[in-house]
Amino acid sequence: MKITPLLSLSLASALLAGPTAALAAGAPALSVSVTAEEAVGPFASWGNVKTKYHAVGDGKADDTAALQSALDDMNLNEGNIEKSGSPAVLYFPAGTYRITRTLVSKNKYGASLVGENPANTSIVWDGPAGGTMLIADGVFGGKYARLTWNGMLKGSTKKAGIGVAHWWNKKTPQYGGSPEHVDEVFVDMGVGIVAGCCGASRTTDSHPDGEGVASEYGDLDSEGSVKRTKFIRNTVAGVSTESANALNWWVMDSEFTDCGRGVTNALERRSGAGNVHVYRNLFRGSTVADIHVGRVQWQSMHNNVSVGSVRFLQADVAGNNGKALILKNNRILNHSADKSPIFIGNVGPLVMIDNQILSPLNASGPLIQQSNNYTGTPGAGIILVGNKVTVAAAGAQLFAGTHTPVDVKVTHPQPNLLAFYDTTTVERNTIPTALPVLPPTAVNRARAVFEVPVTTNATTHVNETTTATIQAVIKDAVASTDPNPIVHFGRATYTIDAPLEIPAGRRIQLVGDGIATRLKAGGKLGNQPLLRLRGPSLATIRELRLFSNGYTVTAVELDNADQAGGRILFDGGMNGVVNLSKLASTKVEFQRSSSIRKLNASGAASVLAMGSGGIGPLTVNNSNVMVADTWFETGYSNLTSDPMVRGTSGNFTYLGGHIAPPVFTPANTTPPTPAGASILVDGFAGQFTVMGLSYDMQSPEHGIEVRNELPSTKALFMGVSANDKGGTTYYRRSYGAGFGTVGFRLMRHTGVQPLPDQATNKGLDKAAVLAGMAQMRAQTWDTVPKAIPAGATDVLFYRVRTIETKVGYNISGQ
């Protein structure tokens with residue numbers, strides 16, 4: 001096999017010799033799971049659109065009025081109490097539901113639409129060309145599952161403009177956010193899913209009743225999740241975020257075929273357009289780009305495969321702006337021969353780690369094109385580590401550009417700032433061409449269902465079902481012969497006066513109707529948890545809201561959770577404080593969390609958080625922790641200064657994110673401590689790495705501080721940028737017993753202006769940089785569900801809300 005290191009910097013070629021570095025020995029193995037998730041339902045509490053609301057579903061009758069009536073009947077209250085018979089979930093039995101005008105779901109908390117199976121259940125558009133099939137206006141925590149959205153009736157020429165639009169126009173009390181799309185298909189339309197308004201959708205056809213006032217659509221519709229969903233012939237885009245606050249959308253395990261763009265934030269150019277992170281997806285034949293970035297915001301792309309698309313990433317020319325663009329472990333196959341598969345039109349940094357690019361035989365490069373149009377803008381930050389590329393034509397380059405668009409003349413182009421390690425050209429046959437097999441649609445295994453009764457007081461409308469009654473239902477489920485029975489809670493509030501006990505070693509599912517199902521701490525609960533899982537546990541908890549008035553109790557307690565091969569997975573959800581202790585063997589994983597209020601890891605060998613819409617302070621003590629794609633907007637708890645990250649020892653990686661430390665202004669009080677660093681490396685023994693972070697701070701003191709260094713302190717900060725208020729001193733050091741191996745590289749202030757590199761003990765040598773990146777490079781993505789050994793913990797928390805408790809989860813290996 002021929003390996004030739006190849007680099008072109010600022011339009012000049014330079015060769016760097018040396019073999020690809022081996023990953024650091026002992027880097028903790030962290031992986032993103034594939035779950036053998038089961039589909040559940042329908043349950044008695046769900047509203048059947050045929051039997052309850054008289055939809056026909058034969059593809060001929062107009063079902064618009066029936067479906068709108070069903071949407072209007074959802075999640076109604078009598079006073080502050082759930083109205084009996086008003087469902088939180090609409091169920092679509094197999095059928096084809098023809099609609100002729102836009103459906104609107106308005107002002108709903110936890111409303112969900114679930115079909116029997118996307119293979120046999122579809123909603124078909126037969127309305128005006130360019131129209132929107134469904135508008136979710138002020139819907140929080142909704143779920144859209146197991147449906148096909150067909151944008152054009154067979155034989156018609158009137159194609160829908162949008163499948164599902166998440167638009168909160170501020171006219172409803174309930175704001176929109178935290179939706180999930182799972183096991184769906186969007187076919188033959190302009191845009192499949194839109195979050196925020198209005199880019200592709202600025203038309204009267206897409207906004208019924210004259211509600212298309214763009215100024216009313218600027219907030220929220222954030223923290224959305226798209227999973228196991230297919231987008232076919234979406235001519236504009238599969239997923240589009242179109243307002244400044246449509247932030248933190250995650251697209252995972254999905255497939256895009258013959259779309260204009262796979263995902264984008266480039267369709268709304270006036271006021272900002274959110275961001276999308278794409279994980280383990282397959283893109284085929286995108287005619288513009290798989291990922292199209294317009295407005296500058298950090299974006300990440302992990303473990304995707306692209307085949308036959310014009311280009312993988314297009315980040316439009318953006319002037320004097322930049323945020324991290326992170327590409328890790330992607331495989332790009334046969335992009336357009338006359339286009340660079342990677343185009344970056346801002347100052348980045350562009351972070352490319354362990355990607356593979358197989359160019360067509362007639363491609364002439366460059367593979368990475370950087371271009372800008374703003375005189376005086378510094379060059380882009382480029383971090384290239386461990387990538388493998390093929391170059392077909394003579395003279396093709398890996399990288400080209402400073403400011404070189406053909407239509408703009410820049411007087412003083414600036415050189416790019418480069419960190420380049422072990423990126424090589426390889427023979428074509430060394431890059432795999434087999435396409436991935438994505439996780440399939442979840443299977444409904446028709447489990448035995450044990451219903452928790454709702455005992456409604458005729459006068460007060462309060463549910464009076466007792467804790468003893470609920471525990472008896474759980475006991476019956478445990479005693480059943482079903483290998484994974486379901487205990488189902490319908491839409492209601494259940495007052496819990498003693499912990500609900502789930503025995504060890506028994507698979508069982510506790511399932512609600514989404515966050516509209518509430519388990520509320522009663523006055524007799526005291527300091528006990530709402531749920532107590534005895535370990536090793538095999539429980540699945542899904543679609544529930546656990547809360548206490550005044551944030552006084554613990555939601556879930558799990559003990560004896562540490563066994564070889566064990567797993568605890570948080571899939572979605574709004575998580576309260578999570579305490580992890582003494583987990584030497586069980587891995588803990590968070591996927592696409594709307595929030596993690598606080599995370600304390602002590603003696604936890606494997607903790608991975610992939611995508612967090614709002615993450616609170618992290619404490620790392622003798623633990624291996626990696627967080628990627630996180631949004632941090634807090635720093636003070638109970639009137640004390642609380643940095644984002646602090647700890648004593650371990651291995652910690654932060655890859656991609658945004659930190660906005662708050663200004664603490666107490667009312668008529670004296671602050672107990674001055675505002676301090678949001679990232680504090682204080683006497684830390686081990687490896688601490690931050691890469692691809694953007695700051696929005698009010699003062700330099702809110703930045704990064706390394707203090708009380710030990711000889712064993714190893715810290716790497718790379719590709720970090722601060723806004724203008726961060727100044728040039730937002731990262732600093734104060735030495736302790738010795739000098740650690742510490743490096744700061746490709747740091748920027750005022751968003752784009754470069755700062756000098758700093759290092760001690762060879763902290764920016766190749767060996768130190770690769771050691772700092774070892775944990776993130778060792779992190780992998782599973783392709784099939786892993787078997788959990790007998791006797792080991794296997795717990796799944798799926799879309800569970802625990803943020804309104806004192807502690808969301810106390811999890812211990814003992």
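Predicted model: local features only at pLDDT ≥ 70, side-chain atom pairs only at ≥ 80, totals over all residues.
Student: Let's pick a strand, then. Is β20 enclosed or open?

Tutor: In β20, 11 of the 11 residues are buried, so the strand is largely enclosed by the rest of the structure.

Student: Which strands does β20 pair with, and in what sense?

Tutor: Strand β17, residues 148-150, runs parallel to β20 and is joined to it by 3 bridges, with Thr 148 having Val 185 as its bridge partner in β20. Strand β18, residues 160-166, is also parallel to β20, through 5 bridges, and here His 166 has Ala 195 as its partner in β20. Then there is β22, which pairs with β20 in the parallel sense over 8 bridges, and Val 191 finds its bridge partner in Ala 237 of β22.

Student: Why do we call Phe 186 and Phe 231 buried?

Tutor: Phe 186 has a relative accessible area of 0% and Phe 231 has a relative accessibility of 0%, and both count as buried because the cut-off is under 20%.

Student: How many aromatic pairs are there?

Tutor: The count comes to 25 aromatic pairs. One of them is formed by Trp 46 and Tyr 91, whose ring centres are 6.1 Å apart with 45° between the planes, which makes the pair tilted. Trp 46 lies in the loop between β5 and β6, and Tyr 91 in strand β10, so the pair ties together parts that are 45 residues apart in sequence. Trp 46 and Tyr 91 are both buried.

Student: And which residues form an aromatic cluster?

Tutor: One aromatic cluster is formed by Phe 652, Phe 684, Phe 688, Tyr 695, Phe 717, Tyr 730, Tyr 731 and Phe 744.

Student: I'd like to hear about the core. Which residues of the largest nonpolar core touch the most other members?

Tutor: In that core of 79 residues, they are Ile 679, Phe 688, Tyr 695, Phe 717 and Phe 797. Strand β58, residues 618-632, supplies the largest share of this core, with 5 residues. As general background, nonpolar side chains tend to be buried together in soluble globular proteins.

Student: What is Phe 688 in contact with?

Tutor: Leaving aside neighbours within four places in sequence, Phe 688 is in contact with Val 645, Phe 652, Ile 679, Val 681, Lys 714, Ala 715, Leu 716 and Phe 717.

Student: Switching to helices, which residues of α1 are buried?

Tutor: In helix α1, residues 64-72, the buried ones are Thr 64, Ala 66, Leu 67, Gln 68, Ala 70 and Leu 71. The elements that cover them include β7, β10, β11, β12, β13 and β15.

Student: Now a loop. Where is Ser 309 found, and what does its side chain reach?

Tutor: Ser 309 is found in the loop between β30 and β31, and its side chain reaches the backbone nitrogen of Ser 286 at 3.0 Å. With 1% relative accessibility, Ser 309 counts as buried. Not counting residues up to four places away in sequence, the residues it touches include Phe 283, Arg 284, Asp 290, Asn 334 and His 335.

Student: What about Gly 130, is that residue buried or partly exposed?

Tutor: Gly 130, in the loop between β14 and β15, counts as partly exposed at 25% relative accessibility. Gly 130 and Lys 159 are 29 residues apart in sequence, while their C-alpha atoms are 6.1 Å apart in space.

Student: Last one: where does the charged end of Arg 545 sit?

Tutor: The charged end of Arg 545 sits over the ring of Phe 547, at 4.8 Å from the centre of that ring.

Technical notes
Residues numbered from 1 in each chain as written. Heavy atoms only, no water. Phe/Tyr/Trp six-rings, centres within 6.5 Å; stacked < 30°, edge-to-face > 60°. Helix = DSSP H or I, 4+ residues; strand = E, 2+ residues; numbered from the N terminus. Buried < 20%, exposed > 50% of the residue type's maximum accessible area, 1.4 Å probe, protein only. Lys NZ or Arg CZ within 6 Å of the ring centre and 35° of its normal. Polar contact = N/O pair within 3.5 Å; in protein donor to acceptor, adjacent residues only side chain to side chain. Contact = heavy atoms within 4.5 Å. Core = buried A, V, L, I, M, F, W, Y, C linked by side-chain atoms within 4.5 Å. Pairing = 2+ DSSP bridges.
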